[in-house]
Amino acid sequence: MSMFLSVSSSSYLIAGEKMMNVIITFDVKNDKVKSFLDIMDDVKENLVKVDGCEGVDIYNDVDDDSVFTLVETWKSREQHSSHISKVVESGDWDVIASHLERDPVSSYFKKI
């Protein structure tokens with residue numbers, strides 16, 4: 001399973017810094033929702049400790065508890081890409097992917 005299905009790029013400036021948001025939607029296997037929630041708890045606590053990550057909000061679809069969306073704010077696309085590379089290299093991505101019905105959909109967004 002690849003990390004992203006679709007990716008587009010944009011960035012915006014806040015206080016002179018190049019900032020961007022990444023929005024990722026995960027479709028989780030029904031029998032893996034509980035353990036995926038544990039992963040999301042870890043993401044909430046630890047992603048903001050990663051160099052360049054300014055914040056993360058995690059949403060669970062009110063009509064389908066197996067759909068999750070993350071909205072991450074990063075100082076730069078490069079820092080996000082570096083983080084993703086480390087997640088893949090560590091094997092952590094394989095753990096996440098084992099919970100998913102399909103590849104996540106991810107895009108970069110700018111605030112307007």
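The model is predicted, so local features need pLDDT of at least 70, side-chain atom pairs count only at pLDDT 80 or more, and totals for chains, interfaces and linings use all residues. Residues are numbered from 1 along each chain as its sequence is written, and side-chain values use heavy atoms, with hydrogens and water left out.

Start with the layout. The chain has 3 helices and 5 strands. Helices (H or I, at least four residues) and strands (E, at least two) are DSSP runs, numbered from the N terminus. Read from the N terminus on, the order is β-β-α-β-β-α-α-β. The chain counts 112 residues, and 38% of them are buried. Here buried means under 20% relative accessible area, exposed means over 50%, and partly exposed lies in between (1.4 Å probe, protein chains only). The areas themselves come from the Shrake-Rupley method.

Now look at the aromatic rings. The whole structure holds 2 aromatic pairs. Rings of Phe, Tyr and Trp (its six-membered ring) pair if their centres lie within 6.5 Å. Planes under 30 degrees apart count as stacked, over 60 as edge-to-face, and the rest as tilted. F36 and F68 make a tilted pair, with 5.0 Å centre to centre and 55 degrees between the planes. This pair links distant parts of the chain. F36 sits in helix α1, F68 sits in strand β4 (residues 67-74), and 32 residues separate them. Both F36 and F68 are buried. Ring pairs also bring in F26, giving a cluster of F26, F36 and F68.

Next come the salt bridges. The structure holds 3 of them. A salt bridge is a side-chain nitrogen of Lys or Arg within 4 Å of a carboxyl oxygen of Asp or Glu.

Take R102 and D27, whose side chains meet at 2.9 Å, N to O. R102 lies in the loop between α3 and β5 (105-109) and D27 lies in strand β2 (residues 17-27), so this bridge ties together parts that are 75 residues apart in sequence. R102 has 44% relative accessibility, so R102 counts as partly exposed. D27 is partly exposed too, because its relative accessibility is 23%.

Another bridge joins E54 and K75, at 3.8 Å from N to O. It also links distant parts of the chain. E54 is in strand β3 (residues 53-60), K75 is in the loop between β4 and α2 (77-90), and the two are 21 residues apart. E54 has a relative accessible area of 44%, so E54 is partly exposed. K75 is partly exposed at 32%.

The bridge between K44 and D41 is local. Their side chains meet at 3.7 Å, N to O. Both residues lie in helix α1, 3 residues apart, about one turn of the helix. K44 is partly exposed, with a relative accessible area of 49%. D41 is partly exposed as well, at 43%.

Helix α1 also contributes to a charged patch. D42, E45, D92 and D94 form a negative surface patch. The elements that give two or more residues to this patch are α1 (33-46) and α3 (92-97). Patches are made of residues with over 30% relative accessible area and no salt bridge. Like charges are joined within 9 Å, and nonpolar side chains (Val, Leu, Ile, Met, Phe, Trp, Tyr) within 5 Å. Asp and Glu count as negative and Lys and Arg as positive, while His and the chain ends are not counted. The place of a charge is taken as NZ of Lys, CZ of Arg, CG of Asp or CD of Glu. D92 has 44% relative accessibility, so D92 counts as partly exposed.

H83 lies in helix α2. At 17% relative accessibility, H83 counts as buried. D65 is in the loop between β3 and β4. D65 counts as partly exposed, because its relative accessibility is 48%. D65 and N30 are 35 residues apart along the chain, and their C-alpha atoms are separated by 8.4 Å.

Key
Areas by Shrake-Rupley, 256 points an atom, 1.4 Å probe, with all protein chains shown as cover.
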